[in-house]
Amino acid sequence: MKIGYPCINRSIGCSSGRTFRLSSYSDERLEETVRENLRCLEEILRYNLKESILFFRIGSGLVPFASHPVCTAPWEETFAEPFREIGRFAHEHGMRVSMHPDQFVVINAKDPGIVEKSVAELRYHAAVLDAMHLDGSAKVQIHVGGVYGDKKASMERFASVYSRLDEGILRRLVVENDDSRYTLADCLRIHEETGIPVLFDVFHHQLNPSGIAVAGAVEQSGATWRPGDGIPMTDYSTPMPGGRRGRHAESLDAADFEQFLAETAPTDIDIMLEIKDKEKSALAAVGIVRRDGRFLLPAER
DNA sequence: CCGTGTCAAGTCTGC
DNA sequence: GCAGACTTGACACGG
């Protein structure tokens, strides 16, 4: 079991997602920004290792505008060395990374232009992980997409586009249940059609349930992961007390987290904590898992 | 220099 | 029909 947090570290005073406005794009500006972002990504991973946080979601802004037509800079070549070095560091220390393109990626869109842009964005995400020379356990997670008033047809469109993706994307892509449209049951059905592994999000599952208990949900989604995909990943969070629907909690709810560990104990999973205070909650979670005693963190094996 | 409006992209809800 | 949520930070403009 590895514990992780997404995209941002609030303790070390740098961001791997520095960006700039499209209107101020230049190849020089891009290179300058990516150089800084990679430097910070390495710093974050070093911090994480020190704290036994062995899972991290790399923010999509690592290479700003990478899938936009304006970006013609050969960033993969320019930064081949730092990418490889970061990947080597992660691999050497048994650390796992993932990515999560945001809501603009909709591969089941009706508009072919949107599908095309979405696929370009997936290609970028896969290229980052490829540049780090990581194996198939470094995942890119997306949602199913839009419903457009006909879920069945929209799920079929997902399967159809999926089947035409190239291998470089297919080996990394996993699909996650969302908080209002596609449930875990929908994702499992799509898995049956396509073979895509299902990433279970506990919080979304609460908001958008499909009659499966949490333990079964972890088990069933875990069974969709192929050899080479690594340990099944799970997104964990709890609602912000008194917050609007869908808001993530400010800090880890230790009691809830312990219960989640107990419920899912038979299945080994890597847990991504989608909690606002980021590495702070990850530190707390690592402490809980350690005390729990039933799991060993890979670094301590 | 600082406060704040705005930022590549999509879908869906609600006024 | 259009603004706002989703989730969030931070760029970059204007005062």
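What follows is a dialogue on how terms are applied to this predicted model.

Tutor: This is a predicted model, in which local features need pLDDT of at least 70, side-chain atom pairs count only at pLDDT 80 or more, and totals for chains, interfaces and linings use all residues. Residues are numbered from 1 along each chain as its sequence is written, chains are lettered from A and ligands numbered from 1 in the order in which they are written, and side-chain values use heavy atoms, with hydrogens and water left out.

Student: Which residues are closest to DNA strand C, and what makes a residue count as near?

Tutor: A residue is near a strand if one of its heavy atoms lies within 4 Å of it. By that rule 14 residues surround DNA strand C. The closest are Arg21, Ser24, Arg29, Arg244 and Lys276.

Student: What part of DNA strand C lies within 4 Å of the protein?

Tutor: Of those atoms, 85% belong to sugar or phosphate, and the rest to bases.

Student: What makes the pairing of serine 24 with a phosphate oxygen a polar contact?

Tutor: A polar contact is a pair of N or O atoms within 3.5 Å; within protein, one must be able to donate a hydrogen and the other to accept it, and residues adjacent in sequence count only if both atoms are side-chain atoms. A polar side-chain atom of serine 24 lies 2.4 Å from a phosphate oxygen of DNA strand C, so the pair qualifies. For arginine 10 the value is 3.3 Å.

Student: How are the residues near DNA strand C divided by class?

Tutor: One is nonpolar, six are polar and seven are charged. Here Ala, Val, Leu, Ile, Met, Phe, Trp, Tyr, Cys and Pro count as nonpolar, Asp, Glu, Lys and Arg as charged, and the others, Gly among them, as polar.

Student: Why is glutamate 274 called buried?

Tutor: Buried means under 20% relative accessible area, exposed over 50%, and partly exposed in between (1.4 Å probe, protein chains only). Glutamate 274 has 10%, so it is buried. It sits in the loop between E8 and H11. Its side chain is joined to that of arginine 57 by a polar contact of 2.9 Å.

Student: Which residues touch glutamate 274?

Tutor: Contact means heavy atoms within 4.5 Å. Leaving aside neighbours within four places in sequence, the partners of glutamate 274 are Pro6, Arg57, Asp201, Asp235, Tyr236, Ser237 and His248.

Student: Is histidine 133 buried or exposed?

Tutor: Its relative accessibility is 52%, over the 50% limit, so histidine 133 is exposed. Histidine 133 lies in the loop between H4 and strand E4 (139-142). Its side chain makes a polar contact of 3.5 Å with the side chain of arginine 84.

Student: What makes the phi of phenylalanine 65 worth a remark?

Tutor: Phi of phenylalanine 65 is positive, near 60 degrees, and the residue is not glycine. Its place is the loop between E2 and helix H2 (75-78). At 23% relative accessibility, phenylalanine 65 falls between the limits and so counts as partly exposed. Lysine 278, also not a glycine, has a positive phi of about 50 degrees. Lysine 278 has a relative accessible area of 13%, so it is buried.

Student: What makes H7 a helix, and which of its residues are buried?

Tutor: Helices (H or I, at least four residues) and strands (E, at least two) are DSSP runs, numbered from the N terminus. H7 covers residues 184-194. Its buried residues are Leu184, Asp186, Cys187, Leu188, Ile190 and His191. Their cover includes helix H5 (151-163), strand E5 (173-176) and helix H9 (214-222).

Student: How do you know that threonine 183 caps H7?

Tutor: A side-chain oxygen of threonine 183 lies 3.3 Å from the backbone nitrogen of alanine 185, at the N-terminal end of H7. After H7 comes glycine 195, with a positive phi near 90 degrees.

Student: Which element gives the most to the lining of the largest pocket?

Tutor: H4, with four residues. By class, that lining has 14 nonpolar, 17 polar and twelve charged residues.
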